[in-house]
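Colleague: I would like a close look at one part of this model, ring by ring. Please keep it brisk and give me the cut-offs as you go.

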Amino acid sequence: MEKIRLPNLEEIFLNKETPPNQFDEIYNFTVKQKKYYEGYITLDTAEKSYYLFISEGYPYAAGTYETGSFKSVQVRDFFSSYLQTRPHIISFYRTDEILAKSMVVLFQHLPTMQITTDLVDVEEILGKIKQKGVDSILAIKDLNEISIVLCQQGIPANVYLVDAGEAAKEETATDKMLVYIYNRSGQRNVTIDVFQDIIISRAPDSCPGPESYPKSIPDFYTKPQPDLHVMLGTQSITKYRIKGRPVRIGRVPENDIVINNLGVSRRHAEIIEENGKYFIQDLGSVNGTFVNGQKVEKDLLNDKDEILIGKHKIIFQHLQTAPMSEMKSQIQESQTLMMDPEAVKKMRETISAPPAKIVLPDGQSFQIVKSKTVIGNGPVADIKINDKSIAPEQVQILRDGSGYKLVHLSNVAATIVNGKMITDTCPLTDDSSIQVGRINLFFRLG
């Protein structure tokens, strides 16, 4: 089987035998305790190599490599192969968010253009890309090594090289890349794949955690997971997979399933898991929640139950098996080299905001590293506060390219920001005071 080397910032461990009953311990130590929130894990089988990409501290996407071909797969496919392979040998690498998500592009898209150094002058190609202001990712292939370059508006901005050699001494990203290519192409031809579509998506079954995993991480991703099919009349609107945490349904954008209809309350209902069973729970909505035609406050859900919220029907489908099934790559080939200039911005938006943290009354602080950070006293809260006056998920802090904002999630306790009661959302600025129930917190930049 052909193996490849991808770039990394640190080799955490290589070819380590990791039985399933030790996976969570190693994962939590590496990601949670050492705070390596970005990286990837590799698993080699007899037929192909599997990759699990970690972003914001949880499995984000997965893929396979086999004889020159990249494919996007679900997270459960990685763990299914991991459980079936003997011995259970994996490697763990640390990256940053840009590198992790840049590598996902290789698995989710086909290159728009492929060039070889014996046929095309690399500087000439870069000049044309720069002139047109192209945002793109370059994958530099030399034998079994693939290096990654992220270009912003046609200019190399982030360079991740495998065995950089003399190129590491160069000061600019462009010079690093060119020296690397010229040193390699002097010995043999080097291939450069240019990707114009760099907008990626997390795997359909990725889930924030590991606090939300009922048992072990491999068990969670390989067990059958229910789907919710949202319909309006006979038209299918969307499909949502339950991923181990409550699924909120309502009218406002902060819900997991948003139904934009005045007959639906802002936070209408939620689906929760209790001991392996799933329940629908009304959240005090005005017009009620119905299951198979009966109005309910809380009801056990069975396969093919129909939930009615407003005019929308949600069909609960609980699959009894979770077969391995490689996802069909969402590939959109294009004949042009240019791409949407917003693509890089969208991929980087969660890291473009300045660093920030939440400071507790005792002085303990928590860095905000995720795009969504939940504060509450429940098991799935990212920042857990042991106080019964607040809800399991009281508030949420959203991080994007424009900065930070706070979302009020529960009326169990009041949420007050800078002396003003919040019932929806509000922006957060440096040194904002946040009161949730009886607890006073501070939001600070830097």
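Take Tyr40 and Tyr93: are they buried or exposed?

Modeller: Tyr40 is buried, and Tyr93 is buried as well. Buried here means under 20% relative accessible area, with exposed over 50% and partly exposed in between, using a 1.4 Å probe and protein chains only. A word on the basis first. The model is predicted, so local features need pLDDT of at least 70 and side-chain atom pairs count only at pLDDT 80 or more, while totals for chains, interfaces and linings use all residues. Residues are numbered from 1 along each chain as its sequence is written, and side-chain values use heavy atoms, leaving out hydrogens and water.

Now the rings. Rings of Phe, Tyr and Trp (its six-membered ring) pair if their centres lie within 6.5 Å; planes under 30 degrees apart count as stacked, over 60 as edge-to-face and the rest as tilted. The count by this rule is 18 aromatic pairs. One of them joins Tyr40 and Tyr51. This pair is tilted, at 6.3 Å centre to centre and 40 degrees between the planes. Tyr40 belongs to strand 2 (residues 39–44) and Tyr51 to strand 3 (residues 49–55), so the pair ties together parts eleven residues apart in sequence. Strands (E, at least two residues) and helices (H or I, at least four) are DSSP runs, numbered from the N terminus. Tyr40 and Tyr51 are both buried.

Tyr40 also pairs with Tyr93, and that pair is stacked. The centres are 4.8 Å apart, with 20 degrees between the planes. Tyr93 sits in strand 6 (residues 89–94) and Tyr40 in strand 2, so this pair ties together parts that are 53 residues apart in sequence.

The charged end of Arg94 sits over the ring of Tyr36, 5.2 Å from its centre. The rule asks for CZ of Arg or NZ of Lys within 6 Å of the ring centre and within 35 degrees of the ring normal.

Other rings gather in one aromatic cluster: Phe23, Tyr27, Phe78, Phe79, Tyr82, Phe220 and Tyr221. Helix 2 (residues 75–84) is mostly covered, with eight of its ten residues buried. Among these buried residues are Phe78, Phe79 and Tyr82. Val75, Arg76, Asp77, Ser80 and Ser81 are also buried in helix 2.
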